[in-house]
Amino acid sequence: MDGGLNNFFDDYLKKEPLFKDRALLQSGYCPETINHRENELKKVANVLAPSLRSDKPSNLFIFGKTGTGKTLVVKHTINQLANYAKEKGIKLKTIYLNCKLKRVADTEYRLVAQLLRNLGVEVPYTGLPTEEVYKKFFDVIDKEKQIIVVALDEIDQLVSKIGDELLYNITRMNEELNNARVSFIGISNDLFFIDTLDPRVRSSLSEEEVVFPPYNAIQIKEILQQRSDLAFSTSALSTGVIEKCAAYAAREHGDARRAIELLRVAAEVAERNCQKVVKIENIDHAEQKIEYDRILDLITNQPKQSQVVLFSIIKIQDEKKEGIFTGEVYELYQKLCPKIGLSMLTQRRVSDIIAELDMLGIINSRVLSKGRYGRSREITIMIPKDTLEKVINILNDSLGIAF
DNA sequence: CGAGATTCATGTGAAGTATACCTTTAGGCTTAA
DNA sequence: AAGCCTAAAGGTATACTTCACATGAATCTCGTA
């Protein structure tokens, strides 16, 4: 048995690896040079440059669909800025924060607390007045004359959740400061987000704007080409692979992140199959696998309560083919809770949980009036059939009940 | 037959509550002068 | 008297509950043709 495994490992090592450097294709990777975003890069740098003379840069707002390089450009620019400033001994700090992260930056308190943590100050997760956290933040940065650049990614998500009062507070920060100056970079996927804001907030938060257009198919192809030259060993890709990835991504409004992910996963699939080259078919598998992994990851990380609600929905769909409504889901949920040993939430809360699952794209729900028979949400599960089984397994394990 | 009233089942907003955690404060104890 | 520790008091954010009202089309009601 051991011998068998040893052989396996031997074979594994003997195999010509497809990847030369897998990290280059992973989602967090930040390349040295960014292609086809020269204009945007320049604009962002232009806005931020005054910070090097210790002037407060204008607040900046950035729009663009997912995978158009917004995050990349901003991260890249503020990193370079911070490095340069450090070299020259300029008092400048930069912070990047993604507002969507649950339990990290999805309320006003948590946002400011997280900013403080980024500056190396420990803040309790609860208990302090929000006001106090602001004050702490001011104290920390106002100790010396310096510029702070704060980038808030996916800020539209945060505002849609907790309202725009937060932005109002944020933009007024500088009035409270004597020495330091703070500028904000807001990043949004929603192109119309700014229109929904209070005019006062809008004008001060969006002194400058940069719009990121989608990449076209040719640009995506070049990006892929360049990355794959570095990431793969020579001739690891069969012809047409890059083109197909680019085409898939261009179909989705030029989402480069997706194209890169597709390529990486396709290669991983090929590697697992012990192929010598990545073939075009692997891309189709990759597309499925990405969706599969995304959903599984999402569900595994859901709180137990949400899992039970989802479990109920799936079970009801399994029993009847059409029309799942809140009432039935809640009924089953109520029966399930004691079995699992979970405290039972009210219908009000479960209704919100269903809305949250909808937001995550695990299910699709729409409010529907059934006339005489009241109104309810009609729920449809958005999990592909072949993924469903695995999802059920996960829920079974996590909740300790059988389907 | 058709306009308007009624109804149902739940959506949804606002206010209230429980929990977990924070800081402040007052009291008690110890210590050192 | 000063210093230190501890426990109670008073405060907050967050997740959830409670309360109350809003929805909107199928169905019912009733006056009229």
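Student: In this predicted model, what makes the two residue pairs across the interface of domain 1 and domain 2 polar contacts?

Tutor: The rule finds two such pairs, both at pLDDT 80 or more, and each is called a polar contact because it has a pair of N or O atoms within 3.5 Å, one able to donate a hydrogen and the other to accept it. The side of domain 1 that touches domain 2 has two nonpolar, two polar and three charged residues.

Student: What is buried between domain 1 and domain 2?

Tutor: The two domains bury about 470 Å² between them, with 44% of it on carbon and sulfur atoms. On the side of domain 1, Tyr215, His253 and Arg257 lose the most area to domain 2, together 72% of what that side buries.

Student: Turning to the DNA, why is the pair between Thr130 and a phosphate oxygen of DNA strand C called a polar contact?

Tutor: A polar side-chain atom of Thr130 lies 2.6 Å from that oxygen, and the limit is 3.5 Å, so the pair qualifies. Thr346 meets the limit likewise, with a polar side-chain atom 2.7 Å from a phosphate oxygen of DNA strand C.

Student: What does Gly127 place 3.2 Å from a base nitrogen of DNA strand C?

Tutor: The atom of Gly127 is a backbone N or O atom, and its distance of 3.2 Å is therefore within the 3.5 Å limit.

Technical notes. Residues numbered from 1 in each chain as written. Chains lettered and ligands numbered in written order. Predicted model: local features only at pLDDT ≥ 70, side-chain atom pairs only at ≥ 80, totals over all residues. Heavy atoms only, no water. Buried area = accessible area lost by both parts, 1.4 Å probe. Nonpolar A, V, L, I, M, F, W, Y, C, P; charged D, E, K, R; others polar.
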